[in-house]
Number of protein chains: 2
Amino acid sequence: MSKSTNLPIQLESVTSRTLQEQIYLGIRRSIGEGLIDPRRRLPSTRALADSLGVSRTTVLLAIETLLAEGFLESRPRRGIYVAEQPPAIADERAVERHSPARHPLLSRRGQALAAANPADRRTVGAEPRAFRLGTPALDLFPTALWARLARECVRTTRHAALDYGPLAGYAPLREAIAEQVRTRGTRCDPQQVIIVAGAQRALDLIFHLLLDAGDTAWMEEPGYTGARAALIAAGARIIPCQVDGDGMRIDDTHTAARLAYVTPSHQFPLGVAMSLERRRQLLAWARRERAWIVEDDYDCDFRYEARPLPCLHALDPDGRVIYVGTFSKALFPAMRLGFLVVPYDLIESISRGRLASDLHAPLLEQRVLAEFMNRGHYERHLRRMQTAYAERLDALRTAIRTTGLPLELRPVHAGIHAVADLRGADAEAVWLEANARKVEVMPLGHYYAHGGEPANALVLGFGSVRPAAIRAGTRALALAIQAARGTGVA
Amino acid sequence: MSKSTNLPIQLESVTSRTLQEQIYLGIRRSIGEGLIDPRRRLPSTRALADSLGVSRTTVLLAIETLLAEGFLESRPRRGIYVAEQPPAIADERAVERHSPARHPLLSRRGQALAAANPADRRTVGAEPRAFRLGTPALDLFPTALWARLARECVRTTRHAALDYGPLAGYAPLREAIAEQVRTRGTRCDPQQVIIVAGAQRALDLIFHLLLDAGDTAWMEEPGYTGARAALIAAGARIIPCQVDGDGMRIDDTHTAARLAYVTPSHQFPLGVAMSLERRRQLLAWARRERAWIVEDDYDCDFRYEARPLPCLHALDPDGRVIYVGTFSKALFPAMRLGFLVVPYDLIESISRGRLASDLHAPLLEQRVLAEFMNRGHYERHLRRMQTAYAERLDALRTAIRTTGLPLELRPVHAGIHAVADLRGADAEAVWLEANARKVEVMPLGHYYAHGGEPANALVLGFGSVRPAAIRAGTRALALAIQAARGTGVA
């Protein structure tokens, strides 16, 4: 491939790079070598995609990374520009010296993975902003209390407990989690709980142990990009399953699969709950096909409506459901602790599997969390967060109405994000304009991997900032929508 | 397979279980169902292996697990017995209900992994004992200081820093590590440092990103079981490379490979240093073959002799060496922090790869470690440990001599373990007898995966306990050796 746009961007025909990476590197190199002037305006993403012969999403993802890294700037109402002072590329010469031609870079598996994972979308270290996704109300987290517990736990740790620890996790924490999971309506024996370094680690671990390369897995479409990436890493062939108002559709004539990944309590990103009938259908399918179900209950703790349906794990008499939980939403993401509830006959295999991948989760952190739970702080914190989230959701709803935004919020029965249908402007264009105004929104289309038919909608997190910031964010979003209507950016 | 011994042990012909698991489960089930009487003596491992038609190592590994779990007991001078009070198998019926016949268990990859990883060999939570391997001097760890730093770091953490963090790690820690790695004689830019949740995680991550299933990897024989497990998990075809007094042998006529895993500073388990000539040979091979070298510098901090050779990373002008470090030896294993130093052109790919597997290491722990390093505590702790280890090694040497053990210590130039050649008794038998006396030794043969010709030797950790405990352990080991000479266990 050696196409060019009216910009001096050269794409190399290097197969070890994805198209998205080639575009990213091509633009970055052109800026670094002064081939594109600072402050120059970029063509629209549509024009770039056409001239390079790639999809618009590919261009958008590359541009998103360049925006996040400061090589490009998005200016309100005007489009994307080369930054006035793009960052120095300290390692550019080193990269050149060790160019892909000199040694093989990633394996095919590694390449597939790099392609599946756009560079991190968040501006790391920045204060939470409206409408960041997946970030809980960190402003309400009791750091002073956590600090006190941390000191106490470390001080009272016997020296022997600094050695390698139990693979499945710290026993008192497994007990506390089992008790917590029972509130989801299911039996859970502490023996079945395996503590892992976050839910992503949990998915990576079980997909690797349960799937062989080439095995088929069902995945919700749209769906959680982290799960998709872990399936790709495990070499799975992903079958997208459309999601409707009752959750993932289970089509009996569908391709057979060895595993299904689902978010039944609160589908990510659509937010619907899987109906009881669908849950039964899915379990019947798993029984018939002798397949596994991975139930990701990522934000089960926050609900704004009536009694939730029992989780899949509770409806499963056969031990086919593996339940995945995280503390990133209930407490804080930087902690990196999550857990699996596994069928009895997998306990030993999974523990052994960890000897190859990570041994066990950090023990001191596990002790602190166990104390936090056992002393009742966890329950209290959840209650406080629940109230705050109801307020923040209400603030979002009111702000959209009073600002007169052309957004219609879909019903939110749980969790900390909402889907809003957008009229009169393109979600991708709004995303770019919002980015320029330091407002984080995500087009719904970003969660479709297989070219479904995404609605023109935005996914908005409402948990991470206070009502005043939600109102300010809504006003900025109004300007972004207005601008997106008027520019040729899209 | 449906063989039986003179014991009522039935092995099932279930292909989803490894032979070792079948033996383990067969014996456990027979005990649980009362088919073998408590207090009954088991046939020798050799007799069991013969009658079941499997290798003796397979039997030994199964028995080791049953000993660790308390189903069997090893009695001094008499052999292996069924425990008087074997543990209740609470989940036995649950396991039966979800028997492998009812759904597929592990993938082929998962099965290979379970077979490669015998159950954890340590008695978790027990006080460190002579001669535990891989455990540092935890008795010297300044927990009160660590507790104080933990409290301070958590208290001063901004709420925004509780959100998802930088994939490559906390910047001040990356800087501190780069400075530390420079003491190994190599240039290291903080940008190249990627913090991971322990060295095992590091190996798992890079093997998955750099190798495709079926790719060939060189591995030292004997070698580190954790690295072997991670290679198996990545689907690598492992080519064993013999180790002599100059380290791993690099045979030019050898099979081509995409990657070599080595422990050049202090080969595990033999303890030799790779000669400068071998290092150059290995680097030349990697250049010629366009292959990667993974340099595991797992216990580089402790040395008892002259100036060490520069690490491979320091000798590599091409960016082919990936350096792996851990804090499990210098500080404590329960922390689960380690790091990679990677070539420039892998920085981005590895960070992205982590989006699929674990995102990033826990941030609060990284902050505490960065403070510990930046305030000079790390250097001070290393110096204190260095002195202690020299004393403990000396205590071991003296105790072996004064106790008159038929053990000859090979030279120890670094690290916290020693290899001791054994005369007049079989290392496997000594291992079982030592186990019965709560002394931890490991037969050198356990680290050979491909049927090399292991010397009759024991691997002894000398770092984890004080000189008095080393002396007591040596006396107990003397009894174990004496007993091993007289029984038919072996």
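Which handedness does the crossing of α14(A) and α16(A) have?

## Two crossing helices

The crossing of α14(A) and α16(A) is right-handed, meaning that the near helix is turned clockwise from the far one by less than a right angle. Helices here are DSSP runs (H or I, at least four residues), numbered from the N terminus. This is a predicted model, in which local features need pLDDT of at least 70 and side-chain atom pairs count only at pLDDT 80 or more. Residues are numbered from 1 along each chain, and chains are lettered from A in the order in which they are written.

The axes of α14 (residues 377-403) and α16 (residues 467-486) of chain A come within 9 Å and cross at roughly 35 degrees; axes are lines fitted to C-alpha atoms over the stretch in contact, with angles from 0 to 180 degrees between N-to-C directions.

## Where the chains meet

Let's turn to the two chains. On the chain B side, 104 residues touch 103 residues of chain A. Together they bury about 9400 Å², which is accessible area (1.4 Å probe) lost on being put together, summed over both. Arg109(B), Tyr164(B) and Arg352(B) lose the most area in chain B, together 9% of what that side buries.

## Charged partners

Between the chains there are 6 salt bridges, each a side-chain nitrogen of Lys or Arg within 4 Å of a carboxyl oxygen of Asp or Glu. Glu127(A) pairs in this way with Arg158(B), their closest N and O atoms being 3.0 Å apart.

Technical notes. Side-chain values use heavy atoms; hydrogens and water are left out. Contact means heavy atoms within 4.5 Å. Buried area is the accessible area (1.4 Å probe) that two parts lose on being put together, summed over both.
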